[in-house]
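Colleague: I would like a close look at one part of this protein. Please keep it brisk and tie the details together.

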Amino acid sequence: YEHTTAHAKLIDIVKAEKDTFLVFDQTPFYAEMGGQTGDTGTALIEGCLVKIVDCVKDKAGRHLHKTVLRDRDPWPFKVGASATLSVDLARRRAINRHHSAAHLIHWALRKVLGTHVRQAGTSKTADRMRFDFSHFESVTHAQLLEIEQLINAKVIDNAKVETYETEFDQKPEGTLAFFGDKYGKIVRVVDIGGYSRELCG
């Protein structure tokens, strides 16, 4: 996830009912997970430029790169072909912003409505972000304005966003963790300015 390009080898071509997916030995593409949409971009495979329109994981954890290619005869390339993979960076950055916004919203909701508020689900795409949570009453207009003002002030403050991995038992004190057994031994921490620090799946 730290890179947006990679040189890889095509190791499998998976044909589903209507779609064709490419599997590489390594990839910079983020596969849809944790409410965050998969990356898009291109794969240059032995002179053939292939558009990647989505990236998902299969049950084995392999990254499946969805293409616009249908059944072709002859197929333009074969397993073992070399490839250069490139993520759509502008789209990735838009998704990143919505991911950070989800953490800021969680922080502001807990500050205004109470610490009982916890994320129940999210959707982060390039175009929008949705944050699901439970509360015992409707959010009032005044509360909504306060939440917006808190978030906007933090956006303007432009605090550093840090992400790192650590053992679950070694996470910093005060780190929010809500999903229990969904976390493995190694967890990813997202820290925004020291005031929003959460484990992130």
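This is a predicted model: local features need pLDDT of at least 70, side-chain atom pairs count only at pLDDT 80 or more; totals for chains, interfaces and linings use all residues.

Is Asp-19 buried, partly exposed or exposed?

Modeller: Asp-19 is partly exposed, because its relative accessible area is 22%, and the buried class stops under 20%. Asp-19 sits in the loop between strand 1 and strand 2. Its salt-bridge partner is Lys-66. The closest N and O atoms of the two are 3.8 Å apart, and the cut-off is 4 Å. Lys-66 belongs to strand 5, and the pair links distant parts of the chain, 47 residues apart. Lys-66 is also partly exposed, at 25% relative accessibility.

His-65 lies in strand 5, which covers residues 63-67. Here the accessibility is 0%, so His-65 counts as buried. The side chain of His-65 makes a polar contact with the side chain of Thr-27, at 2.8 Å. That side chain also reaches the backbone oxygen of His-63, at 3.4 Å. Setting aside neighbours within four places in sequence, His-65 is in contact with residues including Thr-20, Phe-21, Leu-22, Val-23 and Phe-24. Thr-27, Phe-29, Ile-52, Asp-54 and Cys-55 are also among them.

Leu-22 and Phe-24 are among the residues with the most contacts inside the largest nonpolar core, which has 19 residues. Ile-45, Val-50, Phe-77 and Leu-85 are named with them. Strand 1 (5-15), strand 2 (20-24), strand 3, strand 4 and strand 6 (82-87) each give two or more residues to this core. Strand 4 supplies the largest share, four residues.

Leu-85 deserves a look of its own. Neighbours within four places in sequence left aside, Leu-85 is in contact with Phe-24, Thr-27 and Phe-29, among others. Its list also includes Thr-4, Thr-5, Ala-6 and Ala-8, as well as Thr-42 and Ala-43.

Asp-58 is partly exposed at 22%, and Arg-62 is partly exposed at 31%. Asp-12 joins these two in a network of salt bridges. Asp-132 and Arg-130 form a further salt bridge, again with 2.8 Å between the closest N and O atoms. Asp-132 is partly exposed at 25%, and Arg-130 at 35%.

Last, a backbone point. Most residues other than glycine have a negative phi. Glu-46 has a positive phi of about 45 degrees, although it is not a glycine. Glu-46 is found in the loop between strand 3 (41-45) and strand 4 (48-57). Its relative accessible area is 59%, so Glu-46 is exposed. Asn-158 also has a positive phi, near 55 degrees. Asn-158 lies in the loop between helix 2 (141-157) and strand 9 (161-167). At 63% relative accessibility, Asn-158 counts as exposed.

Conventions: Residues are numbered from 1 along each chain as its sequence is written. Side-chain values use heavy atoms; hydrogens and water are left out. Buried means under 20% relative accessible area, exposed over 50%, partly exposed in between (1.4 Å probe, protein chains only). A nonpolar core is a set of buried Ala, Val, Leu, Ile, Met, Phe, Trp, Tyr and Cys residues joined through side-chain atoms within 4.5 Å. Contact means heavy atoms within 4.5 Å. A polar contact is a pair of N or O atoms within 3.5 Å; within protein, one must be able to donate a hydrogen and the other to accept it, and residues adjacent in sequence count only if both atoms are side-chain atoms. A salt bridge is a side-chain nitrogen of Lys or Arg within 4 Å of a carboxyl oxygen of Asp or Glu.
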